[in-house]
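Subject: Structure handover

Hello,

Here is the structure I said I would pass on. My notes follow below it.

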Amino acid sequence: MTLIVESGYEFWNPIIWLITFAVVMVIVYFFRKRGEAKYKKGEDQTQIFLCGEEVPVAEQRHVRGGNAYWGFFETLKEYYDGIVRLHTGVVNDYVVWFVAVTAISAIILLIAELVR
Amino acid sequence: MSKIVRTVANQLMLFVLVFGLYVIIHGHVTPGGGFQGGAIIASGVVMLIVAFGSGHIKKSLRERRLSVVESSGALLFILVAFAGIGTVFFFNFLVGSRIFGGIPPTGPNPGDVWTGGVIPLMNLAVGLKVMAGLSAAVLALALFSSGEEMEE
Amino acid sequence: MATLIEHSSILIIAVPLLIAFLTPLIGMASKKARNSVVVVGLAFVAFLVFALARDVILNGIHIYTLGATSPSLAIPEGTMVPVRIILEVDGVSVFMGIVVAIVSLVAVIYSLSAMKGETGQNRFYTLLLLMVAGTFGMVFTGDLFNLFVFLEITSISGAALIAFRTKFADSQEGGFKYIVVSAIASLMVLFAISLLYAQYNLLNIGALAAAMQYTMLDRIALVILIAAFAMKLGGVPMHMWISDTYSVAPVSITVLLITASQASMYALMRICFILYGVTLDLAVVGWIVIAIGILGMFIGVTMAVRQTDITRLIAYNCVCEAGFMLIGLGVGLAVLGDRTDLGTFGTTAINGAIFHMINHALFEGLLFLVAGAIFYRIGTRDLNQMGGLGHTMKFTAGFFLLGALASSGLPPFNGFASKILIYESVYQFNPILTIIGILVSIITLAVFIKAFFSAFTGALLPKYEDIKEVPKTMIAAMTIFAVFIIIFGLFPGLILDWIVRPATDALVDQASYINAIMGAIP
Amino acid sequence: MTETLSGNFPLVAAVVLMGIGLYILIFRRNLIKIVMGITILSSSVNLFLVTLGYRAGGIAPIYTDAPEGPMVLPVVQALTLTNIVIAVATSALILSLVIRIYRHTGSLDSKKSRRMKG
């Protein structure tokens, strides 16, 4: 009933997935139980440890959204430069894109007609 | 504007109203109808705004009242449409009845207002809505450009 | 009950209109009464939609002729073609109806407390109900001109709602962009409709489909219709208005804007599959749709990664998800004429696309509502200003995680169920499309990891220490979406059998759509 | 419709108007002019529709004091009227938004008044 894809080499059933997930979780919990049991709250044990350095205040140690994936953007710098320049935000350019898509689709249909 | 313009606009408003109502009421037998008549009346309001200034008109044309008229016009329209739901939505149930029930002869005829069933009622509803809505829109734009806000 | 179902297709459009015009009058008397009337009215409409959906799926297409002596009298005696305004409700229409019903109900419940402090709430609810009525009209109408009229109703009320918070400059700009784009798109739609009318003197979709010759003018009309509706649904490269409008509207409106875009996608499907059907140049048109979809996936997701405004980020993700649906539809369209290909993977692709539509509305809706909840509490949408909100807004954080995982297509949520259908079927059409799709899904996960970690995790920032959880009605609205997401994720087979497969069958079956309106004229 | 140039003249005019409207929308950055462009586009579609409805020798379908003769089915006229009504609502809404944008940003240039990009 909940089987939605069955193409011979794979299928998808969330219930089976959930049962597998639960079994894996039980195994993980079993391993976790074997770990160190002594854990006291409110001691240095639970404080942030930064190689002995002073821990900065909350505002400074939070990674802001704008700083995430710096390397990704640095690698794809050329692509992003180009693509961001296209997103001008000027309403005239939106109309240009609309006209361009209409024209290109019309030309493609026309060429397809001529080829056949 | 000058006193002459104000006086003339004052007098003309009556004729504009009469003409607008004529166009609304005769919407089903002659060219015109609710929207056209309402637009004529709203153009009369534009004339008043030009003559007297938007700040003056704002005092007499309250936004709240316009909103009530507009909503009730729309409500009348949709209620008339709902009234036909015994057969089908928008069914012209008034044909042959006492109200606007006359059936005009097919072909050229002199025109009889007491015909059309629900269509005159709907024209009236649209007329109310357009009259109030367009007046409110024009007034709001005029107030905007003079730096004031419509009352909330 | 039978009478109610017989009239339900018009009642679904008319009841929101009636309430829309009642709200200003009730609202002057009592705010509580107005709110309850709106909620009860939309709940009634949702009930009607479900009843109608059950009936349509069991008994076939519904016809409703406005103003005739009987609802099913499409072609009066003495005429050869349908003359009145006709609603034609088939499997796809009720599917879209279900989407709109769920989303509009949730949007209203969310607005109850989210819009509490705003002025002019009477107008807000009037416009919201007009927009709902317009969207229902778009998906239920049986003729092209009413499609245009309802498209305009949706656009105008939508633009007014986007610009509703007049104190923000960017929401005015968003409303302006939305109305300009919509006006151009709908005028072009009207131009294309008049091109069709010029040749066939018909406006009804079924009658036009029966008469369709696919001449040169038809081709021009098709291109204009595809481009216009692609612009309205946010297909790249005409997607730029999406991020500008979705991000600045009140979020309860944004979720309705998503359904409006979905209704435009429905119109695209209706035109390609039913109006033109197998007469059009299937492979070429299919590939045009696929190209728009591929661009949409790729550009949408790469632009989403670099956003620092949380609603803009989700808006670009919407562009990306729309690309997935377009790919599924394009593959289905490309193989529409080939019955064996259609049987092996074409219908699966369309199934995936249609299933993804409702999933998209649910999880993007949930994400936007969460973004709105954050804005409601801290007053900013900038991710750089956020941090550690999960400490105090626990429910909100949980809902965001749920929506993000569903949107990235992680099992066992609903996004995975529909995406795997698309991957599986598109792989048999062209493997490269699937590879791009999976890559895009991975970047989508990266997008949401960035948003989740920078907003909800980390140390509790001192300036947000006294932030509380959002009011209960907003939580309730988000819970409705979350429950649907989990149900759709756990039982995708049931949902497919109940509503998605009937929709696909209706979409590929042009003949029965024509027969329902034209009668069994040979 | 006659197949001469004069018979097609309204259609040519509609296409020219549409070109003018799109030209304004693409190349004119003034927000008020953008509203004008949309209105011109709308007029061109209206003109096109009304031209389609023209039948030589037909009379307007108004029974009141009508002359004898075949009457025209007024579908496109109805469509045109609907479009006019919608165009009125659209332009009123856009103009009010333009005024608000001008108040907030102090500019009517679509490039200078833009806040959102990227």
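Contact here means heavy atoms within 4.5 Å. On that rule, the contact between the two chains takes 34 residues from chain D and 41 residues from chain C.

This is a predicted model, in which local features need pLDDT of at least 70 and side-chain atom pairs count only at pLDDT 80 or more, while totals for chains, interfaces and linings use all residues. Residues are numbered from 1 along each chain as its sequence is written, chains are lettered from A in the order in which they are written, and side-chain values use heavy atoms, with hydrogens and water left out.

Buried area is the accessible area (1.4 Å probe) that two parts lose on being put together, summed over both. For chain D and chain C this is about 3100 Å², 81% of it on carbon and sulfur atoms. In chain D, the residues that lose the most area to chain C are D:Leu97, D:Met116 and D:Gly118, together 20% of what that side buries.

Aromatic rings of Phe, Tyr and Trp (its six-membered ring) pair if their centres lie within 6.5 Å; planes under 30 degrees apart are stacked, over 60 edge-to-face and the rest tilted. Over all chains there are 33 such pairs. The rings of C:Phe168 and C:Phe375 are edge-to-face because their planes stand at 70°, with centres 6.3 Å apart. One aromatic cluster is formed by A:Phe72, A:Phe73, A:Tyr79, A:Tyr80 and C:Phe298.

Regards
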